Amino acid sequence: MTVYNPKSLHAEEFINHQEILDTLEYAWENRHNIPLIERILEKARPKRTAGGVHCAGLTHREASVLLACDLPEQTAQIHRLAEEIKLAFYGNRIVMFAPLYLSNYCVNGCVYCPYHAQNRHITRKKLTQEEIRQEVIALQDMGHKRLAIEAGEDPVHNPLDYILESLHTIYSVKHKNGAIRRANVNIAATTVEDYRKLKQAGIGTYILFQETYHKQSYEALHPTGPKHNYCYHTQAMDRAMQGGIDDVGLGVLFGLEKYRYEFAGLLMHAEHLEAVYGVGPHTISVPRIKRADDIDPTAFDNGLSDALFEHVIACIRIAVPYTGMIISTRESQQVRARALRLGISQISGGSRTSVGGYTEAERPHDSEQFDVSDQRTLDEVVSWLMEQGHIPSFCTACYREGRTGDRFMSLCKSGQILNCCHPNALMTLEEYLADYATPDTRRIGRALIAQELEKIPNQRVRTLAAQHIEDIRASNRRDFRF
Ligand code: SAM
């Protein structure tokens with residue numbers, strides 16, 4: 001029998017099945033224990049300190065009690081606290097990104113994914129470097145600066161060298177005033193050596209979804225291919241850290257297993273990274289399984305309602321206050337609106353989930369990874385965000401200034417975000433407005449920028465940011481950052 005140990009490098013010890021079962025039992029027994037729930041909420045509340053605002057976060061056990069709680073008054077309190085924490089660290093800024101699918105060749109047998117090797121009717125495509133260039137130009141012309149690179153696992157069609165060459169191509173395209181300034185990478189688990197090469201190629205976050213933390217289900221859901229190996233997959237973030245990548249992104253595919261199990265596993269994974277490397281995950285994604293070619297999501301019986309999904313988001317926000325949270329266009333406009341209030345800090349916009357999709361006039365479906373629920377253009381999403389009181393941000397400054405891993409976390413904790421992230425968000429929003437926005441979006445955005453500049457506490461930073469914004473409007477000077 002394995003024993004729970006967050007510091008262990010063995011997957012079944014840091015994600016320990018028995019510890020998860022004990023946690024779920026404890027959470028269930030205490031789900032209506034109001035004094036305990038109040039103590040947990042009090043612990044999680046933001047506290048003002050000399051160095052800024054501080055949040056203690058929660059252990060997987062404490063957070064699981066909040067997740068299990070279904071008392072209306074306490075649930076409302078949980079959601080209010082999630083919103084408060086979100087505003088304390090991320091303010092009203094929402095970072096924008098788009099996925100870029102390089103190849104859907106895959107040797108794995110993941111039963112929920114249309115790329116699985118046994119799927120004979122999906123169109124298989126792999127972009128050439130010239131096609132990548134065209135996709136990147138199309139993405140730059142929409143206004144994107146940050147991408148998430150996606151590919152199936154196939155050592156023959158998509159070896160690491162192909163990914164590295166593609167990254168080089170992506171960063172080298174400079175079209176009009178456009179540029180991709182941060183490429184995050186979502187590819188299959190690999191070796192320390194490969195992670196080192198990805199780091200050297202200048203990737204932002206290395207993203208890998210666990211899919212499910214339940215080992216037995218994991219093995220059944222990944223019956224064939226290298227991804228079948230639960231421990232190799234679960235220990236991938238350790239190898240990424242050992243290879244020098246200190247911004248890693250976790251996630252589970254909600255719908256595959258019981259959400260309470262996944263939630264506890266996800267937080268144990270975050271605790272493990274913190275315990276061993278001194279830095280938790282940079283982001284957590286919350287994908288839910290969707291219809292796709294050859295995939296019927298109702299075949300998986302652990303789907304969760306929108307209300308529960310939102311509760312999960314709120315509880316993650318409270319448990320890991322310094323971790324960014326990502327929601328994709330798998331979710332509808334309505335769900336995204338609510339999720340943004342409860343803790344999400346990054347969203348995709350104008351996404352196409354097919355290989356080569358951005359250069360097609362019509363949204364292609366033949367090589368799509370999943371159905372996109374939110375099909376609005378990037379401009380529509382940007383304009384909608386601003387109408388809802390958010391600031392769409394195209395900022396990539398932290399990683400380019402070397403503020404990754406624990407250095408990013410210290411910025412988060414220092415209370416300097418309003419003098420740093422806030423002006424960066426406004427300057428990159430102005431780049432979007434000047435170069436890509438429709439007249440209506442530009443009008444809404446400029447009024448918002450004027451209002452938001454006033455919130456920068458440091459007068460020197462405020463004056464400089466206003467000057468840079470004027471420069472962007474009046475010239476082709478771009479890429480200012482604090
Ligand atoms: N191939 C890589 C790997 O093995 O991790 C990752 C790339 S894959 C394009 C990105 C993610 O899409 C997967 O990790 C999975 O969670 C998600 N995904 C797969 N099938 C899906 C579906 N039917 N609906 C929603 N998301 C899905």
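**Entry 1: ground rules**

I take helices as DSSP runs of H or I with at least four residues, and strands as DSSP runs of E with at least two, numbered from the N terminus. I keep in mind that this is a predicted model.

**Entry 2: domains**

I looked up how the protein chain is divided. I found domain 1 at 11-87, domain 2 at 91-375 and domain 3 at 415-474. I then checked the distance between domain 1 and domain 3. Their C-alpha centres lie 36 Å apart.

**Entry 3: K176**

I went to the loop between α7 and β5, where K176 has its place. K176 is not a glycine, yet its phi is positive, about 50°. Is K176 buried or exposed? I count 11 other C-beta atoms within 10 Å of K176. The cut-off for exposed is 12 or fewer, so K176 is exposed.

Which strands pair with β5? One is β4, residues 146-151, which runs parallel to β5 and is joined to it by five bridges. In this pairing I see A148 opposite N184 of β5. The other partner I noted is β6, residues 203-207, again parallel, with two bridges. Here A183 stands opposite I203 of β6.

Next I followed the chain between these strands. From β5 the chain crosses through helix α8, residues 192-200, to β6, and this β-α-β crossover is right-handed. I also traced β4, helix α7 (residues 160-172) and β5, which form a right-handed β-α-β unit.

**Entry 4: I149**

I picked I149, a residue of strand β4. Why does I149 count as buried? It has 23 C-beta neighbours inside 10 Å, and the cut-off for buried is 20 or more. I listed its contacts, leaving out residues up to four places away in sequence. I149 touches L100, L102, A183, N184, V185 and N186. I also checked I149 against S103. These two are 46 residues apart in sequence, and their C-alpha atoms are 9.8 Å apart in space.

**Entry 5: T191**

I stepped past β5 into the loop between β5 and α8, where T191 lies. T191 has 14 other C-beta atoms within 10 Å, so I put it down as partly exposed. How far is T191 from D479? The C-alpha to C-alpha distance is 34 Å, and the two are 288 residues apart in sequence.

**Entry 6: T234**

I turned to helix α10, residues 230-234, and found T234 in it. With 23 other C-beta atoms within 10 Å, T234 is buried. Which residues does T234 contact, neighbours within four places in sequence aside? I found A11, I15 and Q210. For a distance I took I289, which is 55 residues from T234 along the chain. Their C-alpha atoms are separated by 20 Å.

**Entry 7: D294**

I looked for D294 and found it in the loop between β8 (283-285) and α13 (306-319). D294 also is not a glycine, and it has a positive phi of about 75°. I counted 16 other C-beta atoms within 10 Å of D294, so it is partly exposed.

I then read along strand β9, residues 324-327. Which residues point which way from β9? G324 and I326 point one way, while M325 and I327 point the other way. I found all of them buried.

β9 pairs with β8 in the parallel sense over three bridges. I284 stands opposite M325 of β9. β9 also pairs with β10, residues 346-348, in the parallel sense over two bridges. In that pairing I327 stands opposite I347 of β10.

I traced the connections here too. From β9 the chain goes through helix α14, residues 333-342, to β10, in a β-α-β crossover that is right-handed. β8, α13 and β9 likewise make a right-handed β-α-β unit.

I sorted the shell by class.

Methods:
Residues numbered from 1 in each chain as written. Predicted model: local features only at pLDDT ≥ 70, side-chain atom pairs only at ≥ 80, totals over all residues. Pairing = 2+ DSSP bridges. Right-handed = clockwise from strand over helix to strand, strands pointing away. Domains from an automatic or database assignment. Contact = placed C-beta atoms within 7 Å.
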